[in-house]
Amino acid sequence: MRPLVLTMKAFGPYAGTQVVDFTGLGGEEIFLITGDTGAGKTTLFDAISFALYGSASGEGRQAQSFKSHFAREEEICSVTLRFLLGGKVYEVFRSPKQNVPKRDGTVREIGEKAELTLPNGDILSGTRVVDAKIIELLGLNHRQFKQTMMLAQGEFARLIEANSTEKQEIFSRIFDTAAFAELSNKLSSEEGELRRQLEGQQQAIYRIIRALVRLGHTSLDTEDAPFQPWEVISQTVLDAVALDKARAEQLAGDIAALEQERLAMDLPGKKAMNQKLSRLEQLEEVLAGLEEQAPEMERRGALLKELRKARELAAQEGALNHTREIVREAKERIAALEQEIGRQQPVYLQAKEAARQAPQLAAQAEEARRKADELARREEKALLYLQRRRELQKLQERLHHVQEELFLAGLAQQRQERREKIKELEKLLQSLQELERLTQGAAQADERRKVAAQKADELFRAFLEGQAVLLAMELQEGKPCPVCGAEHHPCPAKSEQAPPDQAKVEKARQEAAQAEEYFRQAQMKLAALADQAAFQAKALGLEPQTAKADTQKQLQELLALQKEEEQAHPRLVEAERDNLASCREELEAEAALLREKAAAHQAVLEAESGEDPAVLAEQKAIQLSLAQEKKNLYDNLMEEFNRAKGELERLQAAEKAAREGWLAAAKRLEELEGAFQRGLREAEFACYEEYAALLPQISKIGALEEAVQKFASGLSATKAQVEQLREETAGAKRYDIASLEQRWNRLGEEITQKREEKARLAMTISGSLSCLEELEKLHKRTRSLSERYGVVKELSGLAKGSRPPYVSFERYLLISYFEEIIQLANIYLARMTDSRFRLRRKTAKARTAGLDLDVLDQRTGTCRDVSTLSGGESFKASLALALGLSDVVQIHAGGVNLGAIFIDEGFGTLDDRSRESAIATLLSLRQQGRMVGIISHVKELRNYIPARLEVATSPRGSRVQWV
């Protein structure tokens, strides 16, 4: 993953929109992020981490606190990152949960948002969807990203000190070995599943054996029965089933004979005939009683007929009386309405006369309202004129202030640039002084080297001469020399002084070697410092031959100029403290905008003339009051006229409706009286009094109808039942049911017993055969499962490391990758520690080990845990491991592409020599095409890293730019 463009809006200390274009590095693969403490350097890493994962790069910073305190409340905090991955460009956008103001002054909360634009233009939305896709693309979750690509402040040692389990999780994603872990898990799951299936099969066999025992196969009631061969169990069960089938056939014959005997008795038919004879006797007695009641029932029927006629006439008479009452009430209503109409007509005529003045009042009200509107427009125009005058004055005051700040900002920027140059000159002067000191030291080291080498050579020659003297002392004439083999020794070596021993010679050699190494180191430092000083002088435009004198002269001139400016402009110090120089572009833009606004206001004011808004407002109020007064008079007159007219029309309509109702009711009354008289005649009543005498008995109609109907239906039903029973019992006699029932019940009990026994045998036979069939399937299935379980169990043990060599498939592969990482990391670590430290993988038999680290201190020859390293040593080891990891990933082209690494601080824990070696190591990454971003307050890094991203603070928020 390589960042291309980072866009921050209202994020952290950055108030507005800040764009960091990493494509503008101009071929530089390593850059430095500088700025004051708290300016927002680490926030750049937070922005990249937040864009990818929705979280900060370090601990303790929450996404909800990312919105800038310098931004306006209505601005939305967000981050957009365009990055390159696998040769394709992606763009991710995120905004955290935050509060924004509403129009009514309250605050509403908007939720977090996330969008990922893919290379084909498709857009994924939603935090969960984007999080999952980012992890899929990069192959790292947030914690792993921080441990491999973004070494956050205070977190350098986390990757190197992570235990084997944590490293396995990181490397598994990086090298895409999840398939091997998945294979191991699948084998383990299949092993467990097969074991459970076998246990289930055995339990099922046991349950079926117990079922056979409950069915009567007691010979299987033994502990080893579930493990007996299928053939033995089958033969035992089939023999018992054959005996049960023979007994069942015998019982079937016995049951058929008993049922035939019982059928011939016909006990239910004989019991039914006895019941019919008894029922016939009861019904004949009931029929005789009903025939005695017949005359009385005929009399009641005649009375019922007369009462029904009277009930019909009573209904007609009720309607007649009701209509008479309606006619009377209608006459009274008509008289009352005629009186109301007479009283309302004068009121209506008076209101009609008064309403003739209404149009004049409406016209007067409209004229007054028109005048008020005209005055309101003139008042608004006058107020706008005054407002523009005040705004013009404010704009002119602000413009004067901005121009003054702009002037001071220009001076402050010049002083800031001059101050930077002073710092560079001071650094150059220090480098030149140090160069002189190192030159003297190198000359002294050279002299000591020559002296030590000469001394070592002299001692070695003396040692050789001494050895020759000792050999010559042992020579004997006539015996061969052990060196040349000659037997004659004319001139043997002699020495008056004792030769030096070998230890003294070796010590002189070591001293010479140390002097040589010291001289080599001095030469290297001298060369490096000379290159550095030449680079600094060239950057300042100075010639190396006169650099020191020119530097001292420029320093004096610049310091004097700084002092003169402070005396000439007292507010200049304040402007520098407020960092106005960084706001110069904003001030220039603001000044231009203020001039444009002031000119526009001045042009408008010159084209207009102002009136007094107070006088216009008073005149407007008078006209509005007059318009309202005329309108109220008009509304009152029209309301009174409409009310009087409506009331008169209502009374007239009511009188007409009442008269029409009275005529209709009178006609209906005449019709009802004629119909009632015709009813009396048709009912054959001699007179009205005969009809009236029956009215009190009308309430008895229901009881009479029920009694007559009940008698008639009872008599008819009883006669029919008697006739039917006489036909069914003709010639029949009564039977002795008690003796017949005893024999019947005895036969039934015997049949039931034999049927129950037969059913038990059938259930036993069926259950036994079913169990036998299921048991055969289980035995076949168990044999197949046992064979597969043995194979899978062996493979699973090897895959997960529970069998020798006790290393899982995935851990074995990761250890191989880890060895490569350590090998490459040691190359970087050797450069940064002068070959003092070397990383080693711990070897352990535990299945969870294998990815832990020790460090070999070659100075002491001891091997110890990496957690014992100091802060600076831990930083260098972490950096070396991260670089080695990146190299291995590039070599194997695994599931992750670590195209960049970001380092937040850590260089402050290093001494000068270690810092130089660490920077040299990072500079070597340029040729590998990897981007390296470094946050550091160490000023010396600027001498090595020309590409710098500078973060500057101001009272309006921070800004970032390439320098």
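Here are my entries on the aromatic pairs.

**Entry 1: the search.** I'm working with a predicted model. I searched the whole structure and got seven aromatic pairs. For each pair I look up two things, since a pair of aromatic rings is described by the distance of the centres and the angle of the planes.

**Entry 2: F11 and F66.** How do the rings of F11 and F66 sit, and how far is it from centre to centre? I get 4.8 Å between the centres and 40° between the planes, so I note the pair as tilted. Next I checked where the two residues are. F11 belongs to strand β1 (residues 2-11), while F66 is in the loop between α1 (41-53) and β4 (78-85). They are 55 residues apart, so this pair links distant parts of the chain.

Are they buried or exposed? F11 has 0% relative accessibility, so I count F11 as buried. F66 comes out at 5%, and that makes F66 buried too.

I also found that F11 and F66 share one aromatic cluster with F50.

**Entry 3: F31 and W962.** This pair is edge-to-face. I noted 5.5 Å centre to centre and 75° between the planes. Which strands hold the two residues? F31 is in β3 (residues 30-35) and W962 is in β17 (residues 959-962).

F31 is buried because its relative accessible area is 0%. W962 has 27%, so I wrote W962 down as partly exposed.

Notes:
Residues numbered from 1 in each chain as written. Predicted model: local features only at pLDDT ≥ 70, side-chain atom pairs only at ≥ 80, totals over all residues. Heavy atoms only, no water. Phe/Tyr/Trp six-rings, centres within 6.5 Å; stacked < 30°, edge-to-face > 60°. Helix = DSSP H or I, 4+ residues; strand = E, 2+ residues; numbered from the N terminus. Buried < 20%, exposed > 50% of the residue type's maximum accessible area, 1.4 Å probe, protein only.
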